[in-house]
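Please look at the sequence and the three-dimensional structure shown below before reading on.

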Amino acid sequence: MEFQFLFYESNSEGVRVILLYLHFLRTWFWYMMIALLKSNVVNMEMFGLDIMDKTVLQKIVLVLVCTFLFWKIIRYMSDLLKVEKEPVTVLVTGAAGQIGYALVPMIARGMMLGPNQPVILHMLDIEPALEALKGVKMELIDAAFPLLRGVVATTDVVEACKDVNIAVMVGGFPRKEGMERKDVMSKNVSIYKTQASALEEHAAAYCKVLVIANPANTNALILKEFAPSIPEKNITCLTRLDHNRALGQISEKLNVDVSDVKNVIIWGNHSSTQYPDVNHATVATSNGKKHVRELVADDNWLNSEFITTVQQRGGAIIKARKLSSALSAASAACDHIHDWVLGTPKGTWVSMGVYSDGSYGIQPGLIYSFPVTCDKGEWNIVQGLKIDEFSREKMDKTAQELIEEKALANSCL
Ligand SMILES: NC(=O)c1ccc[n+]([C@@H]2O[C@H](COP(=O)([O-])OP(=O)(O)OC[C@H]3O[C@@H](n4cnc5c(N)ncnc54)[C@H](O)[C@@H]3O)[C@@H](O)[C@H]2O)c1
């Protein structure tokens with residue numbers, strides 16, 4: 001059974017209906033009993049029955065006994081439905097790092113898989129970070145999260161990957177001063193090869209993978225190559241942070257609630273060549289849905305400053321904080337998995353780095369960010385959006401960068 005069935009929220013709806021029915025039956029049952037006692041089993045015309053007739057009295061007794069049994073069965077069934085969901089095992093690699101530290105409490109609080117879904121956390125890091133990792137585990141225990149059913153903190157990749165349903169790959173080798181791009185790529189290729197093999201062998205069937213560590217799209221591609229039994233639709237990378245940044249910029253510009261802004265798109269690579277596109281984005285207003293371009297009424301801003309602000313937001317945060325984005329990255333990781341597993345709201349899409357099937361003329365075999373909708377644990381690329389010349393050029397440019405990254409990664413194998 002695919003594990004995503006565990007997440008169907010409709011269960012609780014079913015429980016509510018049955019409990020309501022049960023409540024009705026129980027009320028009816030007591031009403032009948034009281035009526036019987038009060039009337040001293042003489043006048044039951046109120047139920048349309050003449051119980052002076054002995055056979056009618058027998059029928060009533062039979063109905064009551066049947067109702068009682070039926071009530072017991074319903075109660076038993078509703079208890080079964082109320083049985084707590086099986087915990088889902090979530091792996092976070094690089095869990096002692098900045099994003100990891102922000103992410104694990106969010107998962108344990110239900111922000112990733114919902115407020116009724118128990119979780120077991122597997123945290124992986126490398127030997128030099130082991131003490132810090134143990135500290136994170138202590139804090140998770142101290143926080144007494146009701147949904148948290150177990151924590152594993154380890155440097156053993158096999159132990160970390162054992163039976164995981166969801167793998168969030170945050171650990172990676174950062175670019176250090178003076179390092180060539182190829183050297184960083186080579187380090188990450190080697191990490192992602194090893195971790196892919198461990199997931200391939202030890203993760204649960206239908207494990208869903210989200211790669212966050214940079215270069216996120218290409219790390220995800222390497223992972224896909226070395227975990228061939230994990231379906232390609234189950235390997236994705238994070239561009240939801242860029243998507244959320246784009247929503248945030250539009251909401252600031254228009255002074256509207258960010259939740260009213262919908263359907264921006266991040267095309268391509270999680271890098272400064274990404275293309276944040278608002279051509280199909282809308283804002284919910286008191287006069288109905290309006291297009292972002294119409295409301296902003298400043299194409300020059302949308303085609304230049306807006307795009308570069310989103311593309312370079314990571315750098316701006318490093319400059320301000322002296323550290324890279326962690327809180328927003330962790331939150332975006334929760335959004336990504338949440339929507340993938342539980343579905344996107346009707347009429348809304350999100351951006352995810354997914355395996356290209358050639359949609360919108362993007363070379364198949366790249367992990368490229370597309371607009372997607374999700375339903376029952378499956379993402380699907382939104383089709384049929386009109387692409388103008390300006391967008392086409394930007395979408396191809398970021399695809400070209402991914403083609404080059406892929407070639408560089410292949411040369412490191
Ligand atoms: N896709 C995105 O939107 C996005 C956003 C922000 C950051 N990032 C990337 O996410 C990654 C993590 O960022 P951070 O700020 O948490 O970095 P960080 O340096 O604070 O943490 C990285 C952690 O990974 C660990 N690590 C290194 N090699 C490992 C391995 N082989 N196995 C397991 N763990 C390993 C490190 O020990 C460290 O604890 C970086 O690559 C960063 O560039 C991506």
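The paragraphs below go from the whole protein to its ligand shell, its strands and some of its loops.

This is a predicted model, in which local features need pLDDT of at least 70 and side-chain atom pairs count only at pLDDT 80 or more, while totals for chains, interfaces and linings use all residues. Residues are numbered from 1 along each chain as its sequence is written.

The secondary structure of the protein consists of 14 helices and 14 strands. Both kinds of element are DSSP runs numbered from the N terminus: helices are H or I runs of at least four residues, and strands are E runs of at least two. Of the 413 residues in the protein, 37% are buried. A residue is called buried if 20 or more other C-beta atoms lie within 10 Å of its own, exposed if 12 or fewer do, and partly exposed in between, with C-beta atoms placed from the backbone. Two residues are in contact if their C-beta atoms, placed from the backbone, lie within 7 Å. Among contacts between residues at least 6 apart in sequence, 72% join residues at least 24 apart.

The ligand is surrounded by 28 residues, and the closest are G94, G97, Q98, I99 and G171. A residue is near a molecule if its C-beta atom, placed from the backbone, lies within 6 Å of it. The shell divides into 16 nonpolar residues, 11 polar residues and one charged residue. In this division, Ala, Val, Leu, Ile, Met, Phe, Trp, Tyr, Cys and Pro count as nonpolar, Asp, Glu, Lys and Arg as charged, and the others, Gly among them, as polar.

The buried residues of α3 are I99, G100, Y101, L103, V104, I107 and A108. They pack against several elements, including β1 (88–93), β2 (119–124), α4 (130–142) and α13 (327–342). Just after α3, G110 takes a positive phi of about 95 degrees. An unreviewed UniProt entry lists residues 20–39, 60–78 and 90–108 as "transmembrane region". UniProt positions are given in the numbering used here, feature names are shortened, and annotations may be inferred rather than shown by experiment. In the model, residues 90–108 are 58% helix and 21% strand, and the end C-alpha atoms of this stretch are 10 Å apart.

The next topic is the pairing of strands. Two strands pair if DSSP finds at least two bridges between them. Three strands form an open sheet in the order β7-β10-β11, with antiparallel pairing. Because β7 (261–262) and β11 (288–291) stand at the edges, each with a single partner strand, one side of each is left without a neighbour in the sheet. Two bridges join β7 to β10 (residues 282–285), and K262 stands opposite T282 in β10. Four bridges join β10 to β11, with K289 in β11 as the bridge partner of A284. β10 and β11 form a hairpin with two residues between them.

Strands β13 and β14 are antiparallel and joined by four bridges, and V372 stands opposite I381 in β14. In a regular strand the side chains alternate between the two faces of the sheet. Strand β14 (residues 378–381) has a covered face, W379 and I381, and an uncovered one, E378 and N380.

The loop between β12 (350–355) and β13 (367–375) contains S359. S359 counts as partly exposed because it has 17 C-beta neighbours inside 10 Å. Not counting residues up to four places away in sequence, S359 touches F370, I381 and Q383. The loop between β12 and β13 is also the place of Y360. Is Y360 buried or exposed? Y360 is buried, because 21 other C-beta atoms lie within 10 Å.

Most residues other than glycine have a negative phi, and most peptide bonds are trans. Phi of Y360 is positive, near 55 degrees. Y206, in the loop between α6 (181–202) and β5, has a positive phi of about 65 degrees although it is not a glycine. The peptide bond from N214 to P215 is cis, with omega near -5 degrees.
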